[in-house]
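This briefing is meant for a reader meeting the structure for the first time. Please look over the sequence and the model below before going on to the notes that follow.

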Amino acid sequence: MLSHPQFEQTQHSCVPMYDFPPDLRNTQLALHQTRAAYEQYSRTLPWSAGPAPSWEGDKRLHSDYRSAKADGPGYTDAQREEIARFRADLLGLSTTVATHPFRATLEQGEVVAGRMTLKHTHQAEAALEAG
């Protein structure tokens, strides 16, 4: 484990210490939650965004498996709108995180470490609360 004063010794790893502003932490959490909701919603959609015919792939070497897809009806207008809404939200949230003024307080070599720490801040807080 590193013993640099900028790092806090934890049982799992050395975590750089940053005093993230609450609005930045909340925006990062909203980004995680929106991404998870987008991925969950995407799993309910047809395999093709537009109407597409069924297909079957070639037999795989040393296997009887053949990949195949049934006819794809494509997305409905409501599904397209929901995907567009999710993508706009994700773009806005990620832009806010990436351009937050806190970033200017980091030295050039700390930007990546700060960003990676921010991504996992809520996990670390949940682990501390759990015990």
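This is a predicted model: local features need pLDDT of at least 70, side-chain atom pairs count only at pLDDT 80 or more; totals for chains, interfaces and linings use all residues.

**Helix H1 and its surroundings**

The buried residues of H1 are Leu24, Thr27, Gln28, Leu31, Thr34 and Tyr38. Seen down the axis of H1, these buried residues fall within an arc of 125°, so they line one face of the helix.

- Helix H1 covers residues 22-42, which makes 21 residues, and from its first C-alpha to its last it reaches 30 Å, close to the 30 Å expected at 1.5 Å a residue.
- On the face of H1 that is turned away from its buried side, the exposed residues are Pro22 and Gln40.
- The cover over the buried residues of H1 includes helix H2, residues 77-98, and helix H3, residues 111-130.

*The nonpolar core*

- In soluble globular proteins, nonpolar side chains tend to be buried together.
- The largest nonpolar core in this model has 14 residues, and those with the most contacts inside it are Phe20, Leu24 and Phe102.
- H1 and H2 are the elements that give two or more residues to this core, and the largest share, five residues, comes from H2.
- Once its neighbours within four places in sequence are left aside, Leu24 is in contact with Val97, His100, Phe102 and Leu118.

*Aromatic residues*

- A search of the whole structure finds four aromatic pairs, and one aromatic cluster is formed by Tyr18, Phe20 and Phe102.
- Tyr18 is found in the loop between strand S2, residues 14-16, and H1, and Tyr18 is buried, with a relative accessible area of 16%, which is under the 20% that marks a buried residue.
- Although Tyr18 and Leu118 are 100 residues apart in sequence, they are 8.4 Å apart in space, taken from C-alpha to C-alpha.
- Arg85 lies over the face of Phe86, at 4.6 Å from the ring centre.

*Gln79 in helix H2*

- Gln79 has its place in helix H2 and is buried, with a relative accessible area of 18%.
- With its neighbours within four places in sequence left aside, Gln79 is in contact with Tyr41, Leu45, Pro46 and Gly74.

Conventions. Residues are numbered from 1 along each chain as its sequence is written. Side-chain values use heavy atoms; hydrogens and water are left out. Rings of Phe, Tyr and Trp (its six-membered ring) pair if their centres lie within 6.5 Å; planes under 30 degrees apart count as stacked, over 60 as edge-to-face and the rest as tilted. A charge sits over a ring if NZ of Lys or CZ of Arg is within 6 Å of the ring centre and within 35 degrees of the ring normal. Helices (H or I, at least four residues) and strands (E, at least two) are DSSP runs, numbered from the N terminus. The expected span of a helix is 1.5 Å times one less than its number of residues. Buried means under 20% relative accessible area, exposed over 50%, partly exposed in between (1.4 Å probe, protein chains only). The arc is that of the directions from the helix axis to the C-beta atoms. Contact means heavy atoms within 4.5 Å. A nonpolar core is a set of buried Ala, Val, Leu, Ile, Met, Phe, Trp, Tyr and Cys residues joined through side-chain atoms within 4.5 Å.
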